[in-house]
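Here is a short briefing on one protein and its ligand. Keep the structure open while you read.

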Amino acid sequence: MEAMEELSQLSESIRQAASLLADDDPSDDAAPRRPSTFLNAVVLGNVGSGKSAVLNSLIGHPVLPTGENGATRAPIVVDLQTEPGLSTKSIVLQIDSKSQQVSASALRHSLQDRLSKSVSGRGRSDEILLKLRTSTAPPLKLIDLPGLDQRAVDDSMINDYAGHNDAILLVVIPAVQAAEVASSRAIRLAKDIDPDGSRTIGILSKIDQADGDAKTIACVQALLLNKGPKNLPDIEWVALVGQSVAIASAQSGSVGSENSLETAWQAEAETLKSILTGAPHSKLGRVSLVSTIAKQIRKRMKVRLPNLLTGPSG
Ligand SMILES: Nc1nc2c(ncn2[C@@H]2O[C@H](COP(=O)(O)OP(=O)(O)OP(=O)(O)O)[C@@H](O)[C@H]2O)c(=O)[nH]1
Ligand SMILES: [Mg+2]
């Protein structure tokens with residue numbers, strides 16, 4: 001849980017920074033303040049690349065709808081708060097000042113229902129916001145977008161969530177497409193939005209589907225070692241099997257399953273190690289993704305708020 005703790009500390013620093021800055025400029029009070037985006041993470045990738053599954057893995061519960069044919073039809077914002085006291089199985093849904101325990105499947109079904117009713121799926125008007133407290137999720141605001149190749153997604157939607165701010169861009173590429181990564185739309189888009197790659201993380205999803213495909217595995221490993229194609233932006237890569245959390249949840253009815261999530265993440269890491277034998281372990285699995293996100297946020301805060309993190313003299 002080290003990276004989770006680091007993220008909690010960073011989130012506290014950001015809260016302090018926000019109030020400091022508010023004090024700095026009281027004349028600005030009338031203007032609506034844009035909330036900080038340091039702890040936001042936005043997924044970018046084609047339909048079915050595994051974006052929602054990756055976010056479910058971060059949440060620790062299969063809350064977001066997944067599927068083969070454009071499952072995410074409108075932006076879903078999941079505002080997560082970490083509450084270490086809760087059982088690993090609990091999810092608390094916050095609506096205004098009321099909170100209510102819910103199951104992942106009930107949440108997922110209600111999201112599916114709302115998505116099927118969303119009119120255009122365009123932009124913020126159709127955005128679905130969910131505030132959740134769990135012990136398993138880092139304190140991030142996750143933004144699940146429809147696939148870039150969906151009609152509903154246009155430049156203005158991407159710009160709304162990912163442009164001109166500090167959000168981390170999670171570029172999700174299925175492992176089987178690792179060889180063509182340089183030409184992927186998500187990578188090109190991330191390069192436009194974040195030219196120096198300081199807030200972009202590449203995620204190679206569905207590694208299990210590349211098992212036994214030597215050429216693909218070689219491409220994946222090259223990316224993880226930052227030895228990918230020369231024209232690729234210089235970003236950190238992580239490899240995942242996004243489905244493990246759904247599997248853990250399906251099994252969690254069984255006796256003594258309190259640790260099933262930890263077990264699932266361990267199993268994910270073992271699977272990844274056995275498929276990607278030449279990859280650094282620090283780039284494999286959900287735990288690595290959380291650390292990479294924490295590292296990225298800290299780095300970005302250092303650039304943007306140097307005095308807050310190091311002290312005015314440091
Ligand atoms: N084998 C395998 N299947 C996966 C993995 N991750 C996701 N899937 C499956 O791939 C399909 C697409 O996953 P999603 O997470 O819905 O993909 P998405 O990018 O959110 O798709 P849209 O919301 O439709 O754009 C689903 O059927 C998932 O169950 C994985 O790591 N391994
Ligand atoms: Mg999705």
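The points below go from the whole fold to single residues.

This is a predicted model. The protein has 10 helices and nine strands. Of its 314 residues, 42% are buried. The nine strands form an open sheet with mixed pairing.

**The fold as a whole**

- Take the contacts between residues at least 6 apart in sequence: 78% of them join residues at least 24 apart.
- In the sheet, the strands follow the order β4-β3-β5-β2-β6-β1-β7-β8-β9.
- From one strand to the next, the twist averages 25°.

- Strand β2 (residues 76–82) runs parallel to β5, and seven bridges join them.
- Asp79 has Lys131 as its bridge partner in β5.
- Asp79 also stands opposite Lys141 in β6.
- Is the pairing of β2 with β6 (residues 141–144) parallel or antiparallel? β2 and β6 pair in the antiparallel sense, over four bridges.

**Strand pair β7 and β8**

- Strands β7 (residues 168–174) and β8 (residues 200–205) pair in the parallel sense. Six bridges make up the pairing.
- One bridge links Leu169 with its partner Thr200 in β8.

**The nonpolar core**

- In soluble globular proteins, nonpolar side chains tend to be buried together.
- The largest nonpolar core in this model holds 80 residues.
- Which residues touch the most other members of this core? They are Val42, Leu44, Leu170, Leu204, Ile207, Val220 and Ala239.
- Beyond its neighbours within four places in sequence, Ala239 is in contact with residues including Leu204, Ile207 and Val220.
- Other contacts of Ala239 include Leu224, Leu272, Leu276 and Ala279. Lys283 and Leu284 are also among them.

**The ligand site**

- How many residues surround ligand 1? There are 23.
- The closest are Ser52, Ala53, Thr66, Thr72 and Gly147.
- Helix α2 (residues 51–59) gives the largest share of this shell, with three residues.
- By type, the shell around ligand 1 has five nonpolar, 14 polar and four charged residues.

**A loop residue: Ser118**

- Ser118 sits in the loop between α3 (104–117) and β5 (128–134).
- Why does Ser118 count as partly exposed? Ser118 has 16 C-beta neighbours inside 10 Å, and the partly exposed class lies between 12 or fewer (exposed) and 20 or more (buried).
- Ser118 and Ala74 are 44 residues apart along the chain, but 7.1 Å separates their C-alpha atoms.
- Leaving aside its neighbours within four places in sequence, Ser118 is in contact with Arg73, Ala74 and Asp126.

- Most residues other than glycine have a negative phi.
- His164 is not a glycine, yet its phi is positive, near 45°.
- His164 lies in the loop between α4 (155–162) and β7.
- Is His164 buried or exposed? His164 is exposed, because 10 other C-beta atoms lie within 10 Å.
- Lys206 is not a glycine either, and its phi is positive at about 55°.
- Lys206 is in the loop between β8 and α6 (214–224).
- Lys206 counts as buried, because it has 22 C-beta neighbours inside 10 Å.

How values were computed
Residues numbered from 1 in each chain as written. Chains lettered and ligands numbered in written order. Predicted model: local features only at pLDDT ≥ 70, side-chain atom pairs only at ≥ 80, totals over all residues. Pairing = 2+ DSSP bridges. Helix = DSSP H or I, 4+ residues; strand = E, 2+ residues; numbered from the N terminus. Axes fitted to C-alpha atoms, helices over the stretch in contact; angles between N-to-C directions. Near = placed C-beta within 6 Å. Nonpolar A, V, L, I, M, F, W, Y, C, P; charged D, E, K, R; others polar. Contact = placed C-beta atoms within 7 Å. Core = buried A, V, L, I, M, F, W, Y, C linked by C-beta atoms within 7 Å.
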